[in-house]
Amino acid sequence: MSLPLTATRKRGWRLLCPDVYCPDGVTEIAPEGLRRAGIRAVLLDLDNTLVGWQRSDLSGRVREWLAALRDAGIMLYLVSNTRHGKRLRNLSEELGIPYVRRAWKPRRKGFLAALEAMQVGPEETAMIGDQMFTDVLGANRLGIRTIMVRPLARREFLGTKLSRTVECVLLALFRRIGWI
Ligand SMILES: [Mg+2]
């Protein structure tokens, strides 16, 4: 995983393209790699990034990875579109990671609330999520570097299943033209 060393403003189709794609999920993202790229804060999607869709059970590997990010001095914030506020609140408490509720990604609002709370700029922040049209698009709009991961589980919202088809086509295209 190698994140570009500086954030660049993206336009057009680039807004949908992550800086990095991780087919093996979040745990392949090395904290040192993030630090080397000047990242001080990480925004985390929840469903299908840290846990399965609408689930609350975190794997031991994901817990260890979150602890390693913290040990590397990286601040964490959950930015989720979930409507299940209670589950998000419980996970946030369990992990000791604050959250933005109803972030409405790809709208800027939720991302900005997290940056404001952590007192960091977009250029020193990375978003990690599994969806192109919410996580990647929203963060790219603000000049936040983006890491897209393969979804943890197949099970998800019907609307998401449809957008997966488009994501697949676009990822293949971005790879072909050498953007990722
Ligand atoms: Mg997700």
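Visitor: How are the donor residues of the magnesium ion spaced in sequence?
Guide: This is a predicted model, where local features need pLDDT of at least 70, side-chain atom pairs count only at pLDDT 80 or more, and totals for chains, interfaces and linings use all residues. Residues are numbered from 1 along each chain as its sequence is written, and side-chain values use heavy atoms, with hydrogens and water left out. Donors are N, O and S atoms within 2.8 Å of the metal (3.2 Å for Na, K and Ca); water is not among the atoms, so sites may look incomplete. Here the spacing reads D-x1-D-x82-D.

Visitor: Which residues coordinate the magnesium ion?
Guide: The distances run from 2.0 to 2.2 Å. The donors are D45 (OD), D47 (O) and D130 (OD).

Visitor: How many residues apart in sequence are the parts that D45 and D130 tie together?
Guide: Helices (H or I, at least four residues) and strands (E, at least two) are DSSP runs, numbered from the N terminus. D45 sits in the loop between β2 (41-44) and α2 (60-71). D130 sits in the loop between β5 (125-129) and α5 (132-141), so the pair ties together parts whose separation in sequence is 85 residues.

Visitor: Is D130 buried or exposed?
Guide: Buried means under 20% relative accessible area, exposed over 50%, partly exposed in between (1.4 Å probe, protein chains only). D130 has 1% relative accessibility, so the residue counts as buried.

Visitor: In what order do the 6 strands form the sheet?
Guide: Two strands pair if DSSP finds at least two bridges between them. The sheet is open, and the pairing is parallel. Its edge strands, β1 and β4, each pair on one side only. The order is β1-β6-β5-β2-β3-β4.

Visitor: Which residue in β3 is the bridge partner of L44?
Guide: β2 and β3 run parallel, joined by 4 bridges. Of the 5 residues of β3, 4 are buried, so the strand is largely enclosed by the rest of the structure. The partner of L44 is L78.

Visitor: At about what angle to β3 does α2 run?
Guide: Axes are lines fitted to C-alpha atoms, for helices over the stretch in contact (heavy atoms within 4.5 Å), and angles run from 0 to 180 degrees between N-to-C directions. α2 lies across β2, β3 and β5. Its angle to β3 is about 135°.

Visitor: Within what arc do the buried residues of α4 fall?
Guide: In α4 (residues 108-118), G110, F111, A114, L115 and M118 are buried. The arc is that of the directions from the helix axis to the C-beta atoms. Seen down the axis, the buried residues line one face of the helix, because they fall within an arc of 135°.

Visitor: How far apart in space are C168 and E123, C-alpha to C-alpha?
Guide: C168 belongs to helix α6 (residues 158-176). At 55% relative accessibility, C168 counts as exposed. In sequence C168 and E123 are 45 residues apart, and in space the figure is 27 Å.
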